Every structure is written in structure tokens, then in C-alpha cells.
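Okay, everyone, thanks for coming. Let me put today's model up on the screen and talk you through a few parts of it.

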Amino acid sequence: MKQRPFEQRHAADWRAFAATLDRLERRKPDRNAASLPMAEFPAAYRRLCQQLSIARARCYGGPLLDRLNQLALRAHQQLYRAPRQRGRAMLDFLLVDFPRRVRADARLFWLCAALFYLPLLGMGVAVHQSPELIYSLLSPELVTEIEENYAPGQEAVDRAAADDLAMFGYYIHNNIGIGFRTFASGILLGVGAVFMLVFNGVFIGAISGYLTARGYIETFYTFVAGHGAFELTGIVLAGVAGLKLGWAVAAPGRFRRTEALRRAAAEGVRLMIGVAALLVLAAFIEAFWSSNRAIPTVTKYAVGGAGWLLMIVYLGWTGRRAP
Amino acid sequence: MSNPALLDTIRYVETPEGITLKLRVAGPMARALAWSMDSLIRYGALWGLSMGLVLLGWAGLGVWLITLFLIEWFYPVVFEIYADGATPGKKALGLQVVLANGAPVDWPAALIRNLLRAVDFLPAFYGFGVAALLISRDFQRLGDLAAGTLVIYRDPPVKALALPPGPALPPPLPLSAAEQQWLIDFAERGSALNPERQEELAALLADCTSGLRGVAAVERLRAHARWLVGEHS
């Protein structure tokens, strides 16, 4: 069959098919063409694929081939799009999938925990022994500012609600941004993620050691107790997700490097969804609970301890049985 | 003839139906322009928002910081998921983000490619991203490689082209399938060229035009094309 009769025979089908695509893409469909019932769409798509193959094999003109290729591509994108996620899926993810993924990467988790907590403890002890060490890390102005924040005897001064909201915004922007950067920089053979873990560990350790040495124990530890479990675990898990990327690039195993990276990224990004949830929770507690100095010390420590217990039970045991 | 696949930026994707789809991959310049437009929109919106929120004092700062965080990280994600794989900047340049198999981006892929933007941006102004873009076959930055995504051109709708009416004549000598296709392309797309260029091209096919010159040669080739597509009059 020559090109023109072929075009004439199928012209009406193609118009109807294009109108169906317009409707699926929520564009204004062509008035003159009736679109197909949805149930017939896949079959019509397969017919179009066959017509495209025939047109190519017979070397029909370029514009006709372009037109059919475009129709096929649009239909392909409609047919093979991922199903819409429901709200329920997010809850299932957090209650089942996320802790399971963390346990599946248990070795990497302990490695990252070591990369974070060992510098934290080491620097904490070192600065506690000789507080002037902190100036190797922080500027004197910053040290003074931190000191003022935690100096005892300010119990009466409580922050206004507006300040809490400002701090909440700051924690969201800063802390979750750090988490995301830790993940992303892991692709550089893991170097970025390891640096972020060690750096944050050293930084937090130095401040804790310094404030402990200065004797600001109650004001400082009542502040960090509440959100510590969620924030520190979130940082470690962002490191896990980042190191997965780096590991896939450095040692792809039986896959091609890009394929290994794709698989690691697909797993890593799911960890990052959990990390973001943990860090949002931590920011909320930090801004609205930790900063509240009216709450008694005992309550703060109790809530902090409960947070760690919750974290351990959540990551260690949740989702072990299929729901 | 050299392999066109080595010269073109076209990527072929095979579908489960056994056909191959053509995707035109977009290069660094178009993407940089789209990114610049998006940056203008993003930071313009943030600036406008700051004008309003400054009235609210500290609470306004909190809201602004949260918005800054969302726009910095999730502006492209949301548009890629809900607006056919294109941020406003990409849409303006006719670009679209798709999965490597031509399907629309899903949530994990959109998140990966936009979280890894932080690394592509290093050490400055998308240094790593552009380097990866130039090394990889399909213009993929690190985020695209990890997410398995491509940035392609969304072609404008193709209009059905018609040959101008006229007589149909069989070609004087047998033509291969590819030669027939070139002749039909010439006739159908000829109207996009100026007459002089059409005549120049027609002069190259002296074998087919039996010694005719100028406009007559173009007309003769059109007549052969009409016969080849099956228009008999």
C-alpha cells in the first residue's frame, strides 16, 4: 500500500486517538473528533504501534513518521505512568518500610554511627579537659554567643511564640538542608557524607564539652534532651543514604556503574524521606518544647529518654511482621 | 554514510510493544537557560513574599525560612510531578523531564535528581553537573544519572503536511525505499524552503528530472512524489 491510501484509511483513527490523548493530558480536545472510551485505549495504542512499525518499514515520508512517533510517545507516557500514591501509602512507609530499610543496612548504620559519635565523644572529652580547644573550631564571638544562650539565671526570660516560629523555620531550613547535602555529597565516593558526619560530630562534641566544662549542665542538657534522639539519628541515617551512593560508585559489583548508582539512589532516597520526617519532628520539638524553660528539668530528661527508647524500638522492631 | 546515531542527540527507546520511540535529548545551553528562568521566578517570588512577611516580624521570618527551604529543594520536584515533567522555565524552552524509558518521572526519580542538584552545583555554578553532562552520552548530570532521567525536547504538535495538488508521474528509474522517502520528504517539506533553494536541490537530481531545469525540475520531482505516495490524478 502506498502512503496516501494508508493515511486516508487511518486518518479518522488517529484523530480519535489524538483527542483521547488530549483528554488524558487535560488539554482542550479537538471539537471535531470524538475520543475513545478508556477501555479501548490500550488496544488502540497497540494498533498505533503496529501502524508506526509498518510506516517505518515502508519508508513513508518523514512528517508522517514524526506524527505517529509523537502520538506513540504521548500514549506511552500515559500508559506507563506510575500509579498515584495515596496518603495511606506514606503511613505504611513510615511504619513498615522505613525501619525495615534501616535494618537492611544495619552494618552501614553502625559504621555511620561510629563516624559520627566517636568524633563527637572524642572532641567532647578533649574540650572538657582543655576548654580553650574550642577556639580551634569556633570564633570567639560565636563562643560568647553560645555561652550567653545557655548561661543559667535566665529562667525567667521565656521566648515569645513568634521567636519559636522563627527558630522552627531556621531549624527546618538549616538542619534538613544539611541532611539533604549529606545524602547528595555521598555520591563523591562517599567522601562528602563522611566529611559531614565527622564534621557535625566534632562540632556538636566541642560545644557540648565546652558548655559542660563551664558548668552550664542543666541549661544545656535540658535543651538538647528533647530533640536529640531524632536529630542525631536523622544525621546518621542521612550519612547511611549518602554512603550507599558512594559505595555504588566505588564498588558497583556485578552491575554497570550507572546501574548500581540508580539502584543505590532508589534505596537511598527512600531513607531520605524517613530522615526528613525525623528532622521535621526534631525541629518541631527543638523550637517549641526544648526552648521552653518553664518545663521542669525532670520532665525534660524523661521526655528525652523516652525519645531515645522510642527511636530504638522504632528502628529495631517496628514492621518486623507484615501488616 | 556515517552512523546518524553518533551525530544526533536522538535517543531511541524500545517499548514493550516492540516499537522504538525517538526522544530528542536537550543539551547544556537550553537547560542552563531554563534554570536561569526558574531562578528568576523562584527568587522573585521569595523577594515578593519577604516584602509581605516583614510586617509580621519574627513569625514572618519563620514562615519565610520554611518557604525558602521548600522552594530551594522542592520547587522542581513538584512541577516535574504535577506539570508534565516541566518547571515553568523548562516549559518555556520546550523541555521535559522523563525517565530513561520515556515514561513520566515518578516521585523517587524527581526527588533523587533534585536532591543531588546540591552536588551537581559544586564546586561552583554547576561545575560537576556540566562536566557530567558533557561526558555522558545523553546529557545527564549526576542527578540524572542517579535517578535514571533524561531531559528531552517536547516537540510541538506535527501538522499533517499535504502535497500541493497536481499531476502524478512514475519516476523514470527504479528508486530504493530510502530514496523514495527522501523524494517524498523533499516534496512535503519543500514549502518551508525558498524557491531558489528548492531549485538548487532539484538540480542535484538531474537523473530524475530528465534534463528539466529550475521551477520545472521542482514541479517534476513533486509529480514523482505524488505518484510515490499514491496520489493518482
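This is a predicted model: local features need pLDDT of at least 70, side-chain atom pairs count only at pLDDT 80 or more; totals for chains, interfaces and linings use all residues.

Residues are numbered from 1 along each chain as its sequence is written, while chains are lettered from A and ligands numbered from 1 in the order in which they are written.

Interface first. Here, 50 residues of chain B are in contact with 51 residues of chain A; contact means C-beta atoms, placed from the backbone, within 7 Å. On the chain B side, several elements each give at least two residues, among them β2 (20–24) and α11 (214–229). The largest share, 11 residues, comes from α3(B). By class, that side has 34 nonpolar, eight polar and eight charged residues. Nonpolar here is Ala, Val, Leu, Ile, Met, Phe, Trp, Tyr, Cys and Pro; charged is Asp, Glu, Lys and Arg; the others, Gly among them, are polar.

Now look at helix α9 of chain A, residues 217–250. Helices are DSSP runs of H or I, at least four residues, and strands are E, at least two, numbered from the N terminus. There's a kink of about 60° in α9(A), centred on A:G228; that bend is the angle between axes fitted to the seven residues ending there and the seven starting there.

Last, A:D97, in helix α4 (residues 87–104) of chain A. Its C-alpha is 21 Å from that of A:A282, 185 residues apart along the chain.

Key: Two residues are in contact if their C-beta atoms, placed from the backbone, lie within 7 Å. The expected span of a helix is 1.5 Å times one less than its number of residues.
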